[in-house]
Amino acid sequence: MKSIIIIPSRMASTRFPGKPLVKIEGIPMIQRVWERAKASKIGDVYVACSESEVYDLISSIGGKAILTD
């Protein structure tokens, strides 16, 4: 059985708008999550997002992102 990891990412959070791109020690949070998911070697990692900023970031580091509605 093949596994995949899907990381939901939403910039329009009411409690913390823009959270996925907030930098922690200079690295955007969503990138840190993606890196750790990749390191787990459980399966392919996808970031599901509705904003081009997140999509572009993940794509630029060699990740797979899916634009959602």
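Is E25 buried or exposed? In this predicted model, local features need pLDDT of at least 70 and side-chain atom pairs count only at pLDDT 80 or more, while totals for chains, interfaces and linings use all residues. Residues are numbered from 1 along each chain as its sequence is written, and side-chain values use heavy atoms, with hydrogens and water left out.

E25 is exposed, with a relative accessible area of 76%, where buried stands for under 20% relative accessible area, exposed for over 50%, and partly exposed for the range in between, as found with a 1.4 Å probe on protein chains only. The side chain of E25 meets that of R32 in a salt bridge at 3.9 Å, N to O, the term being used for a side-chain nitrogen of Lys or Arg within 4 Å of a carboxyl oxygen of Asp or Glu.

The structure holds three salt bridges, and D44 takes part in one with K2 (3.4 Å, N to O). Because D44 lies in strand β4 and K2 in the segment before β1, this pair ties together parts that are 42 residues apart in sequence. D44 also forms a salt bridge with K64, for which the closest N and O atoms are 3.8 Å apart; here the link runs between strand β4, which holds D44, and strand β5, which holds K64, 20 residues apart. Through the salt bridges that share partners, K2, D44 and K64 are joined into one network.

The strands themselves, like the helices, are DSSP runs numbered from the N terminus (helices being H or I of at least four residues, strands E of at least two), and two strands are taken to pair if DSSP finds at least two bridges between them. Strand β1 (residues 3-9) pairs with strand β4 (residues 43-49) in the parallel sense over seven bridges, and in this pairing I7 stands opposite V47 of β4. Strand β4 also pairs in the parallel sense with strand β5 (residues 64-67), over four bridges, with A48 standing opposite I66 in β5. From β4 the chain crosses through helix α2 (residues 52-60) to β5 in a right-handed β-α-β crossover, meaning that, with the strands pointing away from the viewer, the path from the first strand over the helix to the second runs clockwise.
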